[in-house]
Amino acid sequence: MRINLVALVVGALALSLGACEKSESKGPAASAAAAAPSALPVRVEKSGPIKVGILHSLSGTMAISETSLKDVALMAIEELNAAGGVLGRKLEPIVVDPASNWPLFAEKARDLIQNQKVAVTFGCWTSVSRKSVLPVFEELNGLLFYPVQYEGEESSFNVFYTGAAPNQQAIPAVEYLMSKEGGGAKRVVLLGTDYVYPRTTNKILRYFLHAKGITDDDILEKYTPFGHSDYQTIVADMKKFAQGKRTAVVSTINGDSNVPFYKELANQGIKAEDLPVVAFSVGEEELRGIDTKPLVGHLAAWNYFMSIDTPENKAFIAKWRQYVKANSLPGGDKRVTNDPMEATYIGIQMWAHAAEQAHSIDVDAVRQAIGQQKVRAPSGFDIQMDGANHHLHKPVFIGEVRADGQFKVVWKTPGPIRAQAWSPFIPESSKKVADWTFPWACGNCTEPKFAVVTKELANAR
Amino acid sequence: MGRLSARILAATLLVAIVFVAAPGRAGPHGVLEQALVDLLSDSGDKAEEIAGKLADLADPNALPALEALCDERLRKGPDGTLYIEGQDRQTITYAVTGEKATPSADALGKVEMSNALRRAVLPVLAQLRLGSPDRQVRLAAAEELAKRGSNAVAPLLRNAHDHEKDAGVRKALALALAQLDLYSENRERRLQALGVLGELGGAEMESELVRLTSRGDDGRPLEADEQVRTAAAATLRAIEDRARVVGILRDVTHGISLASVLLFAALGLAVTFGLMGVINMAHGEMLMVGAYVTYSVEVFFDQRLPSFSHWYLAAAIPIAFAVTTLLGILLERLVIRHLYGRQLETLLATWGISLMLMQSVRLLYGAQNVAVSNPPWLSGGVELAHGWVLTYNRLAVVAFVVVVATAVWSVLRYTTLGIKVRAVAQNRAMAACLGVPTARLDAWVFGLGSGVAGLGGVALSQLGNVGPELGQTYIIDAFMVVVLGGVGKLAGTVSAAVGLGIINKLVEPFAGAVLGKIAILLLIIVFIQRRPEGLFASKGRVEA
């Protein structure tokens with residue numbers, strides 16, 4: 001009912017806005033029509049500034065998280081330009097706003113590649129937006145860097161994933177909760193927002209828990225709609241379920257639902273030492289909206305925390321503070337850094353290195369050069385891109401919430417670990433291989449394809 | 001010969017250096033210091049063991065040191081010496097000796113807690129606190145030991161239980177003891193424990209009781225002692241019966257809390273839409289403005305009047321009411337009154353206004369949500385029974401909505417303004433003929449509705465998010481409640497909110513939050529088809 005009425009009026013508004021938009025670019029509808037007859041590949045321009053697409057929602061529900069990714073991307077580009085650009089050419093960021101509207105993501109992506117002729121795009125947050133742009137990038141042979149932790153079960157020839165796969169976040173976190181120092185959980189509550197990322201992650205975790213000897217009786221799975229704000233019943237159910245055995249809660253609640261969830265948790269007196277809640281989508285940025293004093297000790301698993309004490313991170317934070325101040329961004333000195341921002345920053349640097357090494361910004365050349373590229377990340381590790389499965393090797397950190405809204409790292413991997421694009425715990429995906437090098441040349445195959453030039457690429461040419 | 005004496009000399013020197021460097025370790029408190037240092041340097045494996053040692057030390061300084069550790073008031077000097085910062089954040093004492101110390105405050109580092117450390121230290125702290133003269137402290141200690149007691153504590157608990165005079169603490173101690181005694185070798189103790197659990201216990205021992213009453217794979221009962229088996233079955237029944245009653249009570253109170261939220265979202269709309277017939281899409285933004293006023297007042301208090309910052313809500317209520325009332329009157333005067341009788345245009349115009357308000361808030365405060373914290377007196381909750389917690393912020397919102405709804409009802413029922421409003425709602429032309437200044441009245445009523453929405457914003461800021469989209473999340477619920485209750489009837493709005501809230505919360509435990517919401521919407525569709533006029537049909541002759 002909510003959606004109906006809102007959609008009606010939004011639809012009316014979108015119609016009126018569409019008219020203004022046409023003057024700005026060729027208009028999403030027009031560009032889609034132009035693309036239909038000619039499936040010719042899009043070639044990037046050879047001189048002048050290099051155009052770089054930034055595809056993050058700056059309005060709507062996801063603006064909360066995605067705005068700072070746009071900001072950090074602009075910061076990284078400014079930094080590269082100050083150092084002379086890439087291949088001696090300046091980078092020119094093209095910022096578009098898909099407005100938290102999943103189909104609009106696809107239209108904007110098409111516009112970026114076809115009309116703006118960008119060399120590379122950095123963007124997307126939710127998995128549903130990534131799934132929406134995926135066919136566009138594959139059809140037009142574009143290049144997307146996706147900076148957010150996600151559910152895996154995917155590897156595209158045209159996407160580089162700089163966020164964590166489940167084995168770089170969810171699996172280690174649950175393993176930690178089951179360890180002695182993590183509280184020795186024997187029961188697990190899987191709590192999430194009702195969409196693809198939490199559902200898939202929880203499916204993987206359920207298989208993983210089965211492998212660890214935890215039966216379905218000791219797993220409680222609950223979902224809430226986007227924007228849910230009444231967590232009384234869920235928190236009470238969690239508490240009831242936690243009786244009798246050591247229990248831990250795994251939360252994949254996304255967006256601002258986390259505020260009422262954590263408030264209810266605090267007010268119902270759920271202490272982290274009794275019933276720890278580990279979250280996969282709550283970082284420094286999300287905690288800015290929450291009073292964290294009653295939440296001390298609850299956990300989050302990421303590949304980066306702002307509180308990590310390395311010279312690289314100090315420099316990164318200082319740079320960010322400086323950038324926020326110089327551009328007087330809203331939020332001012334309260335702005336924080338977080339994991340997806342680090343991933344965006346790494347992605348841009350990595351692309352620049354690869355372009356320099358390939359001596360070209362051509363998508364095919366950059367893709368070949370990017371495998372095994374290394375960047376000294378703010379987390380202090382040398383992060384490497386896996387040319388085979390297009391995912392980063394990342395270290396895993398588990399942090400406990402401190403009273404000041406930052407995290408105290410209580411566990412970490414000794415070094416970066418390789419991503420598993422296809423989860424070995426789900427039977428139907430355990431045999432799949434993501435390997436874009438010879439002889440596999442495939443993102444989701446059970447047998448090698450022995451084809452260096454893939455069908456997708458051949459089509460694109 | 002010379003070599004040997006040199007060695008002896010060196011050894012003596014070394015011993016002397018060690019003693020000079022670590023004077024604390026030689027004193028009577030050396031063991032305590034060593035234990036504390038070990039505890040803090042341990043990664044979690046041995047923390048429990050070391051913490052247990054601290055309890056056995058019987059050092060009077062162990063308790064304040066552990067309390068300071070749990071409150072994060074323990075400080076570490078550059079040389080590793082531990083200090084305690086007093087409750088007043090001013091005085092500093094040596095952790096080990098309890099004597100006053102005067103280190104420079106900048107040199108002290110914080111000692112951070114972790115869950116592993118808390119899990120190890122809290123039961124020990126509770127053990128040490130069992131002898132506290134403060135009833136509350138003893139009660140909390142007993143409850144902590146019920147959660148994380150170990151068999152080693154049983155004699156201590158028994159002793160405390162025998163000497164305890166306060167009935168509440170005695171109960172808590174008996175419960176903690178029963179949970180340990182259930183595993184005892186002694187049959188009498190087990191039976192006694194089962195009796196106590198049957199009388200007082202919650203669900204915490206349910207799985208153990210189920211084990212005691214069930215049969216193994218070979219068909220033989222898992223518990224050999226028949227008497228224990230029967231007693232366990234009776235205890236389990238008693239606990240389950242109690243849990244069922246508590247469960248229903250809990251769901252109903254959750255429903256009432258949800259109802260208060262729905263009512264706050266809808267109350268203002270019941271006035272502007274219900275009485276005036278304005279399809280006010282900007283209603284949600286009035287809630288939002290109320291919430292942002294609350295935030296601004298909080299920030300103001302934090303910066304200018306920090307000593308009164310706990311009471312910012314008291315100031316936020318009248319200010320939010322005044323701001324949103326003014327905004328409502330302004331809106332009515334400038335926009336809405338030119339559109340009376342043109343419902344579609346009103347809908348679009350108010351929608352536009354809502355977008356403008358949202359965007360202005362984004363410009364002023366940023367697109368991010370802002371943090372409105374509950375004042376300390378609204379944080380936490382009271383546990384009425386095991387698993388049934390009433391949180392203070394939700395209780396306060398329920399109380400507040402009762403007050404506001406009563407006030408609105410009284411204004412409409414007993415004041416001249418109210419009589420005129422009802423007259424206009426029933427028949428505008430006739431009321432105008434009789435000398436009611438309808439135009440001015442419209443402004444007042446719209447102001448009142450907006451003001452009530454502003455109060456709703458204050459209340460909602462204590463429960464959920466405060467962001468530019470706050471209004472959007474509540475506007476549909478608000479329309480739903482008003483339409484279901486019957487347009488133009490305050491009593492209908494109240495009953496619709498209460499009904500929806502309770503039904504939703506009774507359905508949710510079975511169906512889940514997603515299906516629960518769908519079920520409620522289906523229910524409303526069917527209901528509105530049967531009774532388009534809503535729960536309470538308006539008897540007035542509302543103009544077509």
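Biologist: Among contacts in chain A between residues at least 6 apart in sequence, what share join residues at least 24 apart?

Modeller: The share is 69%. A contact means that the C-beta atoms of two residues, placed from the backbone, lie within 7 Å. This is a predicted model, where local features need pLDDT of at least 70 and side-chain atom pairs count only at pLDDT 80 or more, while totals for chains, interfaces and linings use all residues. Residues are numbered from 1 along each chain as its sequence is written, and chains are lettered from A and ligands numbered from 1 in the order in which they are written.

Biologist: How many helices and strands are there in chain A?

Modeller: Chain A has 14 helices and 17 strands; these are DSSP runs numbered from the N terminus, helices being H or I with at least four residues and strands E with at least two. Of the 461 residues in chain A, 55% are buried, that is, with 20 or more other C-beta atoms within 10 Å of their own C-beta, all placed from the backbone.

Biologist: In what order do the five strands of the open sheet in chain A run?

Modeller: The order is S2-S1-S3-S4-S5, with parallel pairing; strands pair if DSSP finds at least two bridges between them. Strand S2 (91–96) and strand S5 (159–161) of chain A each have a single partner strand, so one side of each lacks a neighbour in the sheet. Neighbouring strands are turned by 25° against each other on average, direction ignored; axes are lines fitted to C-alpha atoms, for helices over the stretch in contact, and angles run from 0 to 180 degrees between N-to-C directions.

Biologist: Which strands does H3(A) touch as it packs on the sheet?

Modeller: H3(A) touches strand S1 (50–55), S2 and strand S3 (120–123) of chain A, and its direction makes about 170° with that of S2(A). Helix H4 (residues 102–115) of chain A also touches S1, S2 and S3, at about 180° to the direction of S1(A).

Biologist: On to the interface: how many residues of chain A are in contact with chain B?

Modeller: There are 52, facing 51 residues of chain B. H8(A) gives the most to the chain A side, with seven residues.

Biologist: And which residues are buried in helix H11 (residues 206–213) of chain B?

Modeller: B:Leu209, B:Leu212 and B:Thr213 are buried. They lie on the same side of H11(B) because they cover an arc of only 90° around the axis, taken from the directions from the helix axis to the C-beta atoms. Their cover includes helix H12 (226–275) of chain B.

Definitions and conventions: A residue is buried if 20 or more other C-beta atoms lie within 10 Å of its own, exposed if 12 or fewer, and partly exposed in between; C-beta atoms are placed from the backbone.
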